[in-house]
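Here's a protein with a ligand to look over together. Take a moment with the picture first, then read on.

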Amino acid sequence: MKKEVKIVLFVSGKGSNANAVIDFSLKSKAFSVVAIYASSPKSQALLLAKEHGLHNECITDDDLLGRALFERLNDQSISLIVLAGFLRKIPVSFLNGFQGKMINIHPSLLPEHGGAGMYGIRVHEAVIAANEKKSGCTIHYVDQGYDTGAIIAQFSCDVMPDDTPASLAARVLKLEHESLPKTIEQIVTP
Ligand code: GRF
């Protein structure tokens, strides 16, 4: 039987979190991923979507500002939009229509090491520079700020004394792959 909870993924980069969410959804009864929207035609996540036969599309700032994408997602009764490494700013007009239905994952324990310009390896460089003993990931609702929305869940891991930004990034990313699908399941399960 077709699952009723439909989610879509917004992705800019590699899409390894998108991959983890799709893998989980294939085994879970909780939700289906119905589409991947990428901010760049180069995003590997578009290939991932094609492999799984999912709707896939590149979206621009104008698409996020216009009505067509908004209305399509609305008409499809999408339960959740997951920003899985999506680097475009979501305009207020779009956000208002999906209040409480849009989440983001960030690779640090917010509110530490978040905000404008804090993405990718810069986050892990900042964690190491601050001599943090713990890092991890945060899943939060999207609001008008950068990484400022209400926190839904946080998952932590150790920062090792010999960590480089790259080794820490790899540890945190593994944690993201485990925690994002489970958190989505919790959000959409009544
Ligand atoms: C992740 O670290 C996520 O926390 C951040 O962007 C990265 C996306 O990685 N928002 P990937 O494209 O899922 O591999």
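## Before you start

You're looking at a predicted model, where local features need pLDDT of at least 70, side-chain atom pairs count only at pLDDT 80 or more, and totals for chains, interfaces and linings use all residues. Residues are numbered from 1 along each chain as its sequence is written, and side-chain values use heavy atoms, with hydrogens and water left out.

## Around the ligand

Which residues surround the ligand? They are Gly 13, Lys 14, Gly 15, Ser 16, Asn 17, Gly 85, Ile 105, His 106, Pro 107 and Glu 176, where being near means having a heavy atom within 4 Å. By class, this shell has 2 nonpolar, 6 polar and 2 charged residues. Here Ala, Val, Leu, Ile, Met, Phe, Trp, Tyr, Cys and Pro count as nonpolar, Asp, Glu, Lys and Arg as charged, and the others, Gly among them, as polar.

The side chain of Ser 16 has an N or O atom 2.5 Å from a ligand oxygen. Asn 17 uses its backbone instead, with an N or O atom 2.8 Å from an oxygen of the ligand. A polar backbone atom of Ile 105 is 2.8 Å from a ligand nitrogen. On its own the ligand has 370 Å² of accessible area, and the protein covers 82% of that (Shrake-Rupley method, 1.4 Å probe).

## The pocket

Where does the ligand sit? It's in the largest pocket, meaning that more than half of its atoms lie within 2 Å of the pocket's grid points. A pocket is an open set of points on a 1 Å grid over the protein atoms alone, where a 1.4 Å probe fits, with protein on both sides within 12 Å along at least five of seven lines; lining residues have an atom within 4 Å of a point.

This pocket has a volume of about 900 Å³, counted as the space filled by probe spheres set on the points. It is lined by 36 residues, and Gly 85, Phe 86, Leu 87, Ile 105 and Tyr 119 are the closest to its centre. The lining splits into 16 nonpolar, 14 polar and 6 charged residues.

## Two backbone details

Leu 110 and Pro 111 are joined by a cis peptide bond, with omega about 10°. Asn 131 has a positive phi, near 60°, though this residue isn't glycine.

Note on methods: A polar contact is a pair of N or O atoms within 3.5 Å; within protein, one must be able to donate a hydrogen and the other to accept it, and residues adjacent in sequence count only if both atoms are side-chain atoms.
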